[in-house]
Amino acid sequence: MKITVDPARCQGYANCVAAAPDAFDIDDVTGKAVLLRTEGDPGEIREAARSCPVAAISVEG
Ligand code: SF4
């Protein structure tokens, strides 16, 4: 599974953090999502991608 966050799209809504707190956090400086790990619970990660209102999260594999 390959996870990426497009910082140009991310608006810092933090839905991804709520869905998968082990995998995502919000950067204090930029206010955008950062990846904490590139692997994680697949169900949580896919839910995080689905919950992003601007479709900034890509999941492959
Ligand atoms: S849900 Fe989407 S827009 Fe919100 S912080 Fe996560 S990646 Fe960014």
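Tutor: Start with glutamate 44, which is placed in helix H2. Keep in mind that this is a predicted model.

Student: Is glutamate 44 buried, partly exposed or exposed?

Tutor: The general idea is to look at relative accessible area: under 20% is buried, over 50% is exposed, and partly exposed is in between. Glutamate 44 has 30% relative accessibility, so it counts as partly exposed.

Student: How far apart are glutamate 44 and asparagine 15 in sequence and in space?

Tutor: Two separations can be read for a pair, one along the chain and one from C-alpha to C-alpha. For glutamate 44 and asparagine 15 these are 29 residues in sequence and 11 Å in space.

Student: Where does glutamate 39 lie?

Tutor: Glutamate 39 is in the loop that runs between strand E3 (33-35) and helix H2 (42-51). Its relative accessibility is 59%, so glutamate 39 counts as exposed.

Student: In which strand does serine 58 lie?

Tutor: Serine 58 belongs to strand E4. With a relative accessibility of 33%, serine 58 counts as partly exposed. The C-alpha atoms of serine 58 and threonine 4 are separated by 5.2 Å, although the two residues are 54 apart along the chain.

Student: Next, backbone angles. Which value does phi of alanine 14 have?

Tutor: Alanine 14 has a positive phi of about 70°, and it is not a glycine. Its place is the loop between strand E1 (2-5) and helix H1 (15-19). Alanine 14 is partly exposed, because its relative accessible area is 28%.

Student: What is phi of alanine 55?

Tutor: Phi of alanine 55 is near 55°, again a positive value in a residue other than glycine. Alanine 55 is found in the loop between H2 and strand E4 (57-60). Its relative accessible area is 47%, so alanine 55 is partly exposed.

Student: Now the inside. How many cavities of 30 Å³ or more are there?

Tutor: A cavity is a space where a probe fits but cannot get out. The count here is one cavity of 30 Å³ or more. The largest cavity has a volume of about 90 Å³. It is lined by 13 residues, and those closest to its centre are Cys10, Tyr13, Ala14, Cys16 and Cys52.

Student: How do the lining residues divide into nonpolar, polar and charged?

Tutor: The lining of the largest cavity has 10 nonpolar residues, three polar and no charged.

Student: Where does the ligand sit?

Tutor: The ligand sits in the largest cavity. Around the ligand there are 13 residues, of which Cys10, Tyr13, Ala14, Cys16 and Cys52 are the closest. The shell around the ligand divides into 10 nonpolar residues, three polar and no charged.

Student: How many disulfides does the structure hold?

Tutor: For this feature, look at the distance between cysteine sulfur atoms; a disulfide needs a pair within 2.5 Å. The structure holds zero disulfides.

Note on methods
Residues numbered from 1 in each chain as written. Predicted model: local features only at pLDDT ≥ 70, side-chain atom pairs only at ≥ 80, totals over all residues. Heavy atoms only, no water. 1 Å grid on protein atoms, 1.4 Å probe; cavity = no way out; pocket = protein on both sides within 12 Å on 5 of 7 lines; lining within 4 Å. Points joined across faces, edges and corners; volume = space filled by probe spheres on them. Nonpolar A, V, L, I, M, F, W, Y, C, P; charged D, E, K, R; others polar. Helix = DSSP H or I, 4+ residues; strand = E, 2+ residues; numbered from the N terminus. Buried < 20%, exposed > 50% of the residue type's maximum accessible area, 1.4 Å probe, protein only. Near = heavy atom within 4 Å. Sits in = over half its atoms within 2 Å of the grid points.
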